[in-house]
Every structure is written in C-alpha cells, then in structure tokens.
Amino acid sequence: MEPIREGASGAAVEDIQERLGSLGYKIDEKETAEKTFGHSTATAVARFRLDHGLSLGDVIDTATWAALVDECYQLGDRTLYLRLPNFHGNDVRQLQERLNVLGFSCGAVDGQYGAHTEAAVKQFQESVGLLADGMAFPDTFDAIDRLKHVWGGNPAAGPHPQGGMGFARAAGVLEVVKLCITGEDPISRNVAGRIWNLASATTNASGLELVDSAASDACKGAQAVLVLSAAPLPDGTTTSNVVMDDVDTLPLRLRTAVESSRETVPVVRIELPVGPNFEGIFTIGDAQTYAVLLLDAICAAFEGM
C-alpha cells in the first residue's frame, strides 16, 4: 500500500482516525470532521506505533495498517479457526485470555490462532455440549460470554494448579451442595461408588448421592448430575463432556461446564482416561486414585457455587 501521511485526506484517513479513536488515541475534532491527516492524527499514529513495537514514525505504512486492523478486532467480529497463515489479532488474544481463565489452556497469549488454541476451543466446546470442531462461531462466543462472571477481571496467565482441597474445605463444600453421581459402565460405576464412599467418609452430611442413572428421581433439584464414563463421547451427542486429562485444570473446566448449562439440572459427563479399547487390568488402586482426584476436583469446582 502507498503510505498515508500528514497532509492526506479522505475516506482512508477517516477509517484510520476511527480505528485509532476506538483504541483510545486522541485526535483533534476538527481533523476528524474534515477527514484530514493533521498533526494530532500523526501524533496518534506515532504513539500507536511506539505502543505496538513498530519502528518510530508517524506514517501509516503496510506494517502499521496491519497492526491497526488486528488491534481493532473484537471477539465475535469473525469466525476463527485453524488455517495457514493463522488468524491473528485482538479477538484471538481475547479468546485465549478467556479460555485460559476458564481452564482451557491455549498456552501463551500471543494473538495467534494456532494448534494449541484450536485444541482449547475444542475442549471448551465439548465441555458445554457444542459440536467440538475447533471453529469458533457465534454459539461458541455466546457460551463464553455467558461465563463473563468467571473470566471478567481475572488474570489470563493461564490455568493454575488447584492443589488438594484439604479435609475441612472438602467437608464444607459437600455439606452445602446437592449433587448426583453415576457411571455408564462397570469401570466408571466402580469409580463413582468410591467417590460416594469418600464423600460419605468426609462428612455424614454429604450432599453427594450415588444414583443408577441421570434420570433418577433423586436428581430432581440437584445442582448437577455427574456421569462418569470410560468411553469417549459418541458422535452427535450434545451432552457436556469434560475429559479427565489435565487434573490441574479439571475443576475450572468442570465448573465451566456446569455454569454454562441451560438445563434446570445440568448433566455433565466426565470422561475417564481409560480409552475405548482398554484391555489392560484396571486395578483397585487405579479406581481409588481416580476417585480421590475426582472428588478433589468436584469439591474445588463447586466451592462457592
């Protein structure tokens, strides 16, 4: 593109001024009214270039224009998906920040829609019952926006390890929540039973109930129904699904799935890391380890809800 500099006027200058104004850079009202690239516009351009690590100057060249366009994107302005070259811009950065806070790690917040960001989008989509295709459409943006009370104002350095809940904290959570838990298969039912035993041993007033299925009458009025499974989510299923892969972020992802649900009683499926073709020996120790980790994650997820 031909550089746009002081003395220029017209629609292109107007576009530049509007974009700079939306980012908080001050431009003289007379210049904006006349669509002229005057001293205040040049100053705003120079400050923008300085703020964004560009070479010093007050001219809109190709690099400055590209950076200005990127910075003006807001989440929801366009569909985002993995492609080459990657989508990049402020909207991608906003997406990464919010997903990181919600427990779906995109890695470094770099404004690039790469493989890590696509993977995080897929995990988030699956957790809230959307088609997990990694393409961020309006339904994905809407689901994220419904969780603004979670990510709004929180740091986006990425998900952090939760650590153990501790006996007293876990008891405090279990005594005030009403949850139902069940399993889809023998392995997951074994783990669900152990979680119930641990919860009951933690406090006699535990609100966690072991049920035969999510349709049980006992689940009416529950805050959520947790359905464990040793198999991947079947194709075409819209049930919220959270994979028990990264234990550190599991509480955040579980809480996200529950809070984003529009059901009266949210049903969240928790996929155990066993695999569909498991042919090994699933020991009592394995089941107990999963039970301890899951109960800890459940208590952390529902604390304060």
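Asp15 is placed in helix α1, residues 11-22; helices (H or I, at least four residues) and strands (E, at least two) are DSSP runs, numbered from the N terminus. This is a predicted model, in which local features need pLDDT of at least 70 and side-chain atom pairs count only at pLDDT 80 or more, while totals for chains, interfaces and linings use all residues. Residues are numbered from 1 along each chain as its sequence is written, and side-chain values use heavy atoms, with hydrogens and water left out.

With a relative accessible area of 28%, Asp15 is partly exposed; buried means under 20% relative accessible area, exposed over 50%, and partly exposed in between (1.4 Å probe, protein chains only). Its C-alpha atom is separated by 9.9 Å from that of Thr32, 17 residues apart along the chain. The side chain of Asp15 also meets that of Arg19 in a salt bridge (3.1 Å, N to O), a term for a side-chain nitrogen of Lys or Arg within 4 Å of a carboxyl oxygen of Asp or Glu. Both residues lie in α1, four residues apart, about one turn of the helix. Arg19 counts as partly exposed, at 22% relative accessibility.

By this rule there are ten salt bridges. One of them joins Glu271 and Arg269 at 3.9 Å, N to O. Glu271 is buried at 13% relative accessibility, and Arg269 is buried at 4%. Glu184 is linked with Arg269 and Glu271 in a network of salt bridges.

Another pair is Arg253 and Asp245, whose side chains meet at 3.0 Å, N to O, in a salt bridge. Here Arg253 is buried, at 2% relative accessible area, whereas Asp245 is partly exposed at 45%.

On a 1 Å grid over the protein atoms alone, a cavity is a set of points where a 1.4 Å probe fits but cannot get out, and lining residues have an atom within 4 Å of a point. A search of the whole structure finds one cavity of 30 Å³ or more. The largest cavity holds about 30 Å³ of space, the volume being the space filled by probe spheres set on the points, with grid points joined across faces, edges and corners. α6 (115-127) and β4 (240-243) each supply at least two of its lining residues.

How values were computed
On a 1 Å grid over the protein atoms alone, a cavity is a set of points where a 1.4 Å probe fits but cannot get out, and a pocket is an open set with protein on both sides within 12 Å along at least five of seven lines; lining residues have an atom within 4 Å of a point.
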